[in-house]
Each structure stands twice: as C-alpha cells, then as structure tokens.
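Biologist: I have a model open here and would like to talk it through with you. Could you put it up on your side too?
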Amino acid sequence: MSRNDPVFGDGFDRPVCPNGHTAWTRSNGHYWCHDCSRLHGANPEFDSLRDPETGDRIDPIEVNAS
Ligand SMILES: [Zn+2]
C-alpha cells in the first residue's frame with residue numbers, strides 16, 4: 001500500500017472505502033480494501049472511494065483531475 005499516492009498528494013484527506021477504511025489499494029480501475037477482505041460478508045472490491053468527512057462518493061475522474 002502506498003501512503004503517498006501521487007494522485008492525492010499532500011494535504012488531502014485520504015479517501016476511505018465504503019466501510020470507512022483507509023487500507024485500500026488501487027488496481028485495474030477498481031479498489032480493493034485490505035480491512036474489508038478480513039471482514040466476513042464484506043466485499044473488499046469497490047468502484048469508488050468515499051470522502052472521510054462527508055461520506056460522499058468520490059468519482060475517480062474527479063479525483064484524477066484534482
Ligand atoms: Zn474497507
């Protein structure tokens with residue numbers, strides 16, 4: 001896992017997975033959460049990150065443009 005993802009850079013709150021984790025990684029157009037993978041019944045793969053403050057979905061294109 002890269003803690004210094006160049007897409008998000010410094011000073012940007014790290015987006016979270018739908019279950020509020022920050023232990024996700026990016027691969028081939030989707031995301032995979034390490035913490036979710038350890039939870040029974042949780043799907044560790046997801047398509048969009050969430051803003052940790054508002055819980056809003058963060059569109060991948062929007063993130064790339066910032
Ligand atoms: Zn998670």
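Biologist: Let me start with a side chain: is Asp-35 buried, partly exposed or exposed?

Modeller: This is a predicted model, so what I give you is computed from it. Asp-35 counts as partly exposed, because its relative accessibility is 25%, and that falls between the 20% limit for buried and the 50% limit for exposed.

Biologist: And which side chain does Asp-35 meet in a salt bridge?

Modeller: Its partner is Arg-38, with 3.6 Å from N to O between the two side chains. Arg-38 has a relative accessible area of 58%, so Arg-38 is exposed.

Biologist: How many salt bridges does the count come to?

Modeller: The count comes to 1 salt bridge, and the pair of Arg-38 and Asp-35 is a salt bridge.

Biologist: Changing topic, what coordinates the zinc ion?

Modeller: The zinc ion is held by SG of Cys-17, ND1 of His-21, SG of Cys-33 and SG of Cys-36, at 2.0 to 2.3 Å. Along the sequence, these donor residues follow the spacing C-x3-H-x11-C-x2-C.

Biologist: Why is the arrangement around the zinc ion called tetrahedral?

Modeller: The 4 donor atoms subtend angles of 106 to 114° around the zinc ion, and therefore the arrangement is tetrahedral; the rule asks that all angles lie between 85 and 135 degrees.

Biologist: Are His-21 and Cys-36 buried or exposed?

Modeller: His-21 counts as buried because its relative accessibility is 17%, and Cys-36 is buried as well, with a relative accessible area of 1%.

Biologist: Which residues make up the largest nonpolar core?

Modeller: That core has 7 residues, namely Cys-17, Cys-33 and Cys-36 together with Trp-24, Tyr-31, Phe-46 and Leu-49. If residues up to four places away in sequence are left out, Cys-17 touches Trp-24, Cys-33, Cys-36, Phe-46 and Arg-50.

Biologist: Now the sheet: in what order do the 3 strands run?

Modeller: The order is E1-E2-E3, in an open sheet with antiparallel pairing. E1 and strand E3 (45-46) are the edge strands, each of which pairs on one side only. Between E1 and strand E2 (residues 30-33), the antiparallel pairing extends over 4 bridges, and Trp-24 stands opposite Cys-33 in E2.

Biologist: To finish, how many helices and strands does the protein have, and how do the elements run from the N terminus?

Modeller: The secondary structure comes to 2 helices and 5 strands, which run β-β-α-β-β-β-α from the N terminus on. Of the 66 residues of the protein, 26% count as buried.

Conventions
Residues are numbered from 1 along each chain as its sequence is written. This is a predicted model: local features need pLDDT of at least 70, side-chain atom pairs count only at pLDDT 80 or more; totals for chains, interfaces and linings use all residues. Side-chain values use heavy atoms; hydrogens and water are left out. Donors are N, O and S atoms within 2.8 Å of the metal (3.2 Å for Na, K and Ca); water is not among the atoms, so sites may look incomplete. Four donors count as tetrahedral if all angles lie between 85 and 135 degrees; four count as square planar and six as octahedral if opposite donors are over 155 degrees apart and all others between 65 and 115; anything else is irregular. Buried means under 20% relative accessible area, exposed over 50%, partly exposed in between (1.4 Å probe, protein chains only). A nonpolar core is a set of buried Ala, Val, Leu, Ile, Met, Phe, Trp, Tyr and Cys residues joined through side-chain atoms within 4.5 Å. Contact means heavy atoms within 4.5 Å. A salt bridge is a side-chain nitrogen of Lys or Arg within 4 Å of a carboxyl oxygen of Asp or Glu. Two strands pair if DSSP finds at least two bridges between them.
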